[in-house]
Amino acid sequence: MDQHSDEFEGLEQSSEFAAVPDAFQRLWTPHRMVYIQDGQQPHPDDCPFCLAPGMTDEKALIVARGKHAYVLLNLFPYNSGHLLVCPYRHIATYDEASPEEIAEIGSLTQVAMRVLKAVSHCDGFNIGMNQGRIAGAGIAGHLHQHIVPRWALDSNFFPIIAGTKAIPRLLGDVRREVAGGWPTDQS
Ligand SMILES: [Zn+2]
């Protein structure tokens with residue numbers, strides 16, 4: 001332990017970081033920076049939610065594609081199986097969505113819930129949209145609905161797992177599982 005103490009002496013103390021109140025949030029910061037480059041809202045040309053549909057499902061972590069919207073895994077899951085439903089169009093807020101987009105975001109959300117129930121046996125969901133940076137949207141320029149499956153005990157252990165390097169490997173596995181459970185007659 002003494003050796004470890006010496007090693008840590010040269011490191012910055014978390015208390016010296018601005019706006020980083022605890023170790024848990026600090027864990028997520030490097031991941032979020034993948035999306036929040038330079039603190040700017042992405043131009044549609046380099047918006048991750050505009051670019052994803054042009055990639056393979058595996059690379060973009062897409063689980064289902066509809067006509068007006070699609071479903072992908074969140075790169076920064078609050079929980080395993082954390083999905084996002086995005087319109088293809090680069091619109092920022094819900095009131096800008098067309099009736100067709102609203103309808104399909106809704107139906108894709110329903111299917112996603114059924115699939116997550118079937119493959120992960122979750123006990124509940126948090127579903128919602130953070131709109132605008134002030135409201136917590138990581139990618140405020142492109143509307144996205146969160147679907148977060150919840151298990152009775154998840155808050156006890158998952159943040160520990162989620163904050164580790166296990167996540168990148170798990171995401172591919174989770175995508176395969178959710179996409180595999182997606183009904184073929186519904187997108
Ligand atoms: Zn976009």
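Read from the N terminus, the chain's elements follow the order α-α-α-α-β-β-β-α-β-β-α-α. The coordinates belong to a predicted model. Seven helices and five strands are present in the chain. The points below cover the chain as a whole, the position annotated in UniProt, and the strand pairing around S5.

**Chain as a whole**
- The chain comprises 187 residues, of which 23% are buried.
- Among contacts in the chain with a separation of 6 or more, 66% are between residues 24 or more positions apart.

**Histidine 144**
- An unreviewed UniProt entry assigns the feature "active site" to His144.
- Histidine 144 lies in the loop that links strand S4 (124-128) with strand S5 (145-150).
- Histidine 144 is classed as buried because 22 C-beta neighbours fall inside 10 Å, and the cut-off for this class is 20 or more.
- When residues up to four places away in sequence are left out, histidine 144 is in contact with Phe49, Leu84, Val85, Cys86, Met129 and Ile139.

**Strand pairing around S5**
- Strand S3 (residues 83-87) and S5 run antiparallel and are joined by three bridges.
- Within this pairing, valine 85 has glutamine 145 of S5 as its bridge partner; Val85 is also one of the residues that histidine 144 touches.
- S5 also pairs with S4, again in the antiparallel sense, through five bridges.

Note on methods: Residues numbered from 1 in each chain as written. Predicted model: local features only at pLDDT ≥ 70, side-chain atom pairs only at ≥ 80, totals over all residues. Helix = DSSP H or I, 4+ residues; strand = E, 2+ residues; numbered from the N terminus. Buried ≥ 20, exposed ≤ 12 C-beta atoms within 10 Å, placed from the backbone. Contact = placed C-beta atoms within 7 Å. UniProt positions renumbered as here; feature names shortened; annotations may be inferred. Pairing = 2+ DSSP bridges.
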